[in-house]
Amino acid sequence: MALLTMILRKMANNKWLAASLLLGMALTTGLVSTMPVYSDAILSRMLVKDLERQQLDSGVHSGTYFSKITLMDMKPDKKLQAVSSLDRFMKDEAIPGFGLPLKQAAAELQTEQLVLEVEAPPPIPSSSSLPEPSAPSAASRIISV
């Protein structure tokens with residue numbers, strides 16, 4: 001407690017020193033808090049410049065647009081109609097709407113997921129009922145490789 005009162009008395013006697021200290025702390029806090037924003041801006045600018053340079057060197061635009069649409073709770077004929085409608089929209093309106101030269105377009109279609117059930121394995125016969133081992137067949141050689 002005595003230390004705190006001593007510090008407060010010294011600060012009261014040296015008002016300019018206390019004000020300068022407070023201003024210095026505010027400036028330091030401001031500088032330190034803006035460092036992530038500044039470094040993010042620098043990295044973003046470097047990325048843009050590198051992509052521009054790569055595009056000029058290789059002639060390939062460094063950009064990709066990906067969209068995903070899931071069709072659920074629809075009858076199969078409606079799904080076919082929706083897929084063809086969406087495909088037509090992408091080709092006729094969406095891709096030209098980007099305003100960029102198109103280098104490649106791809107469409108990926110995926111079927112419904114299957115549900116598989118595993119049956120219980122057959123019982124293992126006892127060692128007395130096993131046949132004598134014979135020379136391996138071609139099929140067993142392929143499987144064992």
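## Terms and basis

A residue is called buried under 20% relative accessible area, exposed over 50%, and partly exposed in between, with a 1.4 Å probe and protein chains only. The model is predicted, so local features need pLDDT of at least 70 and side-chain atom pairs count only at pLDDT 80 or more, while totals for chains, interfaces and linings use all residues. Residues are numbered from 1 along each chain as its sequence is written, and side-chain values use heavy atoms, with hydrogens and water left out.

## Overall make-up

The protein has 4 helices and 0 strands, in the order α-α-α-α along the sequence. Helices here are DSSP runs of H or I with at least four residues, strands are runs of E with at least two, and both are numbered from the N terminus.

Of its 145 residues, 2% count as buried.

## Helix α3

α3 has 22 residues and spans 30 Å from its first C-alpha to its last, close to the expected 32 Å, which is 1.5 Å times one less than the number of residues. At M90, α3 bends by about 45°, the angle between axes fitted to the seven residues ending there and the seven starting there.

K79, A82 and A94 are buried in α3. Just after α3, G99 has a positive phi of about 75°.

## Position A105

A105 lies in the loop between α3 (76-97) and α4 (138-144). A105 counts as exposed because its relative accessibility is 52%. Its C-alpha is 8.9 Å from that of K91, 14 residues apart along the chain.
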